[in-house]
Amino acid sequence: MRTRVAIIGAGPSGLLLGALLDRAGIENVIVERSSAGHVLSRIRAGVLEQGTVALLEAVGCAARLHGEGLVHRGIDIAFGDHLHRIDLHGHSGGRTVTVYGQTEVTRDLMELRAATGSPTIYEAAGVRLHGLDSAPYVTLAAAGVEQRIDCDFIAGCDGFHGASRQSLPADAVRTFERTYPFGWLGMLADVPPANDELIYASHPRGFALCSMRSPSRSRYYVQVGAREEAEAWSDDAFWDELRRRLPEEVAERVLAGPSIEKSVAPLRSFVTEPMQFGRLYLCGDASHIVPPTGAKGLNLAASDVHYLSEGLIAHYRERSEEGLAAYSTRALARVWKAERFSWWMTSTLHRFPESGPFGERLQRAELDYLVSSDAAMGMLAENYVGLPF
Ligand code: APR
Ligand code: PHB
């Protein structure tokens, strides 16, 4: 088989890139290790920046998002038994975020692709990348049959554990990493959310987050030890711990119900530089990870594929190589700002075992400053709604 762009991975990065290329008439094939059902079973964050929404609109994939997504103009920061509202809209020149699960974004993009008819090879085994310097191709086995896809470019959209980043020669890349000494225990339940807006809570017992998927479905998280297992937490233990970490007025509004899903996710910051090697371009989690505090993962994937699609479109339409040559530099400039913001949100709101009394006082001063300074709230708002791209 021959195509112009071989896309590795059918997560949000790969599917959105495929949609942007389809719209520009650039032939592409997606190769995915798992089944579509498995890809859709993963529960991830759910806060979309306006720039991400605009890209989904541009590819004609925003109808359900506009119908079911919840537009939020603010978030709450909780500490010292009080809620402090940050007016995102007022502090960002009128911008908002849309609460809509990543799983739903993925489902919508899969449906769009099925309607477009561009090929996706699911359950591809042994995916390997070759000839990155000049004549790239991908090999795989689908339903036991070996296949080879020759292409002009490969887009590595296969997440943190994918084959793309691992195909880079060790001396061609540099990685930057920070792991945090805790994880998030997440729980999804069909109960109305405790609050209209998201609450990020800092508490001596640890961080907690109140989020949602719809007016009848809540998504909650509590900070737990890095090695804790979800199975060790009964639903009752989860609801108790969550309530203890929230201001009393909110805790009283938390409605408990049986969990639909419960899992522990580690927190990590990770960046690969550069995001390009020869004819391979990395996008999304294949190239960088942010801790989920701030919900930047999916939004960074969207800005990456936007830059890459612009480069590819200029290559095919105008024979211009400038966009592709600048891809890594443009994408990394935005990635590092989101890394900084996600690290700052994480550091400001979580309990760190090693911080000690001095660190705790500093953290409290940071929070007091944040909710009393227009400049500090402006910094949070500008980053939370998403820096321009
Ligand atoms: N070959 C083919 N596909 C692969 C391979 C491989 N060797 N390894 C992984 N994949 C697939 C995975 O099964 C997954 O469907 O690549 C896809 C990567 O999807 P994600 O991990 O979701 O990464 P990405 O599309 O970059 O999405 C960005 O935003 O909120 C964050 O971390 C969150 O997933 C999210 C991300
Ligand atoms: C979520 O709804 O899953 C969510 C929301 C905000 C975050 C992280 C996760 O910062």
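Ala295 turns up in the loop between strand S20 (288–289) and H10, where helices (H or I, at least four residues) and strands (E, at least two) are DSSP runs numbered from the N terminus. Ala295 is not a glycine, yet has a positive phi of about 55°. Pro274 belongs to the loop between strand S17 (259–273) and strand S18 (276–277).

A word on bookkeeping. This is a predicted model, with local features needing pLDDT of at least 70, side-chain atom pairs counted only at pLDDT 80 or more, and totals for chains, interfaces and linings using all residues. Residues are numbered from 1 along each chain as its sequence is written, chains are lettered from A and ligands numbered from 1 in the order in which they are written, and side-chain values use heavy atoms, with hydrogens and water left out.

H10 also matters for the ligand 1 site. Ligand 1 is surrounded by 24 residues, and the closest are Ser13, Glu32, Arg44, Gln102 and Asp285; a residue is near a molecule if one of its heavy atoms lies within 4 Å of it. Helix H1 (12–23) and helix H10 (297–318) each put at least two residues into this shell, and H10 has the largest share, 3 residues. Sorted by class, the shell around ligand 1 holds 9 nonpolar, 9 polar and 6 charged residues. Here Ala, Val, Leu, Ile, Met, Phe, Trp, Tyr, Cys and Pro count as nonpolar, Asp, Glu, Lys and Arg as charged, and the others, Gly among them, as polar.

For Asp285, a side-chain N or O atom is 2.5 Å from a ligand 1 oxygen; for Ser13, the distance from a polar side-chain atom is 2.6 Å, and for Gln102 it is 2.7 Å. The protein buries 92% of the 710 Å² that ligand 1 exposes when taken alone, with accessible areas from the Shrake-Rupley method and a 1.4 Å probe.

Ligand 2 has 15 residues around it, the closest being Tyr200, Ser211, Arg213, Tyr221 and Pro292. An oxygen of ligand 2 is 2.5 Å from a side-chain N or O atom of Ser211, and a polar side-chain atom of Tyr221 is 2.6 Å from a ligand 2 oxygen.

Ligand 2 sits in the largest cavity, a cavity being a set of points on a 1 Å grid over the protein atoms alone where a 1.4 Å probe fits but cannot get out. To count as sitting there, more than half of a molecule's atoms must lie within 2 Å of the grid points. Strand S15 (208–214) and strand S16 (217–225) are the elements giving two or more residues to this shell, and S15 gives the most, with 3 residues. The shell around ligand 2 splits into 9 nonpolar, 3 polar and 3 charged residues. Domain 1 (5–71 + 97–177 + 268–345) and domain 2 (180–267 + 354–385) both contribute to the shell, so ligand 2 lies between them; the domain bounds come from an automatic or database domain assignment.

Key: A polar contact is a pair of N or O atoms within 3.5 Å; within protein, one must be able to donate a hydrogen and the other to accept it, and residues adjacent in sequence count only if both atoms are side-chain atoms. On a 1 Å grid over the protein atoms alone, a cavity is a set of points where a 1.4 Å probe fits but cannot get out, and a pocket is an open set with protein on both sides within 12 Å along at least five of seven lines; lining residues have an atom within 4 Å of a point.
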